[in-house]
Amino acid sequence: MYYTLGNACYKSGRLGQAVLSYLRALDLEPGHEDAALNLAFVRERLADRQTTAAESAFADALDRAYRRVPSTSLAVAASAIFFGLALVLVVAILRGGFGAWAARAAWVLGVALGVVGAAAIVKIHGARSASEAVVLAREAAARTGPGDDFVIEFKLHEGTTVRVRETRGEWVRVSVGGTDLEGWLPGASVEAVR
């Protein structure tokens with residue numbers, strides 16, 4: 001539904017709503033390739049270009065793979081690895097000691113559990129604490145404080161993705177990823193992805 005809504009918003013020229021809809025589609029289904037492609041397409045047409053420069057092609061591929069895996073799949077994989085490790089330990093104890101195979105298997109499963117478990121925790125915590133939002137106003141002035149009487153620091157345009165840091169009344173303090181930009185926007189000018 002959000003993917004289709006994103007397409008309709010793009011066709012009607014509402015780029016901010018299109019970005020928001022594609023992000024919501026990807027939040028529900030991280031592996032939705034069409035939504036990811038359309039989001040990238042729409043972001044190329046925004047006034048505020050946001051890039052996430054990866055340090056290497058490997059890091060970029062790893063980041064894309066991580067974003068596509070749902071947190072529930074990581075949690076299930078971590079649980080399966082944990083039970084595999086427990087099974088190896090029980091079998092080794094019942095056989096009277098750790099042989100070379102048990103030590104190697106326990107080491108590999110322990111490392112895998114650490115990596116997959118950490119990824120699951122980070123993804124689940126990130127999903128719960130995420131406060132990503134999209135600017136829906138054609139132009140929004142970010143101010144030094146929560147009110148119209150504060151100085152304008154910079155302006156953001158429709159479709160820009162921001163991270164909400166704090167809310168005070170009708171104002172939200174946001175930061176723009178990949179930059180050191182941070183300021184207060186009217187709450188009505190942005191909408192949270194979740």
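Is Val 115 buried or exposed, and what is its relative accessible area?

A: Val 115 is exposed because its relative accessible area is 55%, where exposed means over 50%, buried under 20% and partly exposed in between, with a 1.4 Å probe and protein chains only. This is a predicted model, in which local features need pLDDT of at least 70 and side-chain atom pairs pLDDT 80 or more, while totals for chains, interfaces and linings use all residues. Residues are numbered from 1 along each chain as its sequence is written, and side-chain values use heavy atoms, without hydrogens or water.

Val 115 lies in helix H6, residues 100–129, with helices (H or I, at least four residues) and strands (E, at least two) taken as DSSP runs numbered from the N terminus.

H2 covers residues 15–28 and reaches 20 Å from first to last C-alpha, close to the 20 Å expected at 1.5 Å a residue. Its buried residues, including Val 19, Tyr 22 and Leu 23, are covered by elements among which are helices H1 and H3 and strands E1, E4 and E7.

The largest nonpolar core has 15 residues, and Val 19, Tyr 22, Leu 23, Leu 39, Val 42 and Val 134 touch the most other members; a core here is a set of buried Ala, Val, Leu, Ile, Met, Phe, Trp, Tyr and Cys residues joined through side-chain atoms within 4.5 Å. H2 and H3 are the elements that give two or more residues to this core, and H2 gives the most, with eight. Apart from this core lies another, of 13 residues, including Phe 154, Val 164, Val 174 and Val 190.

In the loop between strands E6 and E7 sits Ser 189, which counts as buried because its relative accessibility is 7%. Leaving aside neighbours within four places in sequence, Ser 189 is in contact (heavy atoms within 4.5 Å) with Val 134, Val 135, Leu 136, Ala 137 and Ala 140. Across the protein, buried residues make up 31% of the 194 residues.

Note on methods:
The expected span of a helix is 1.5 Å times one less than its number of residues.
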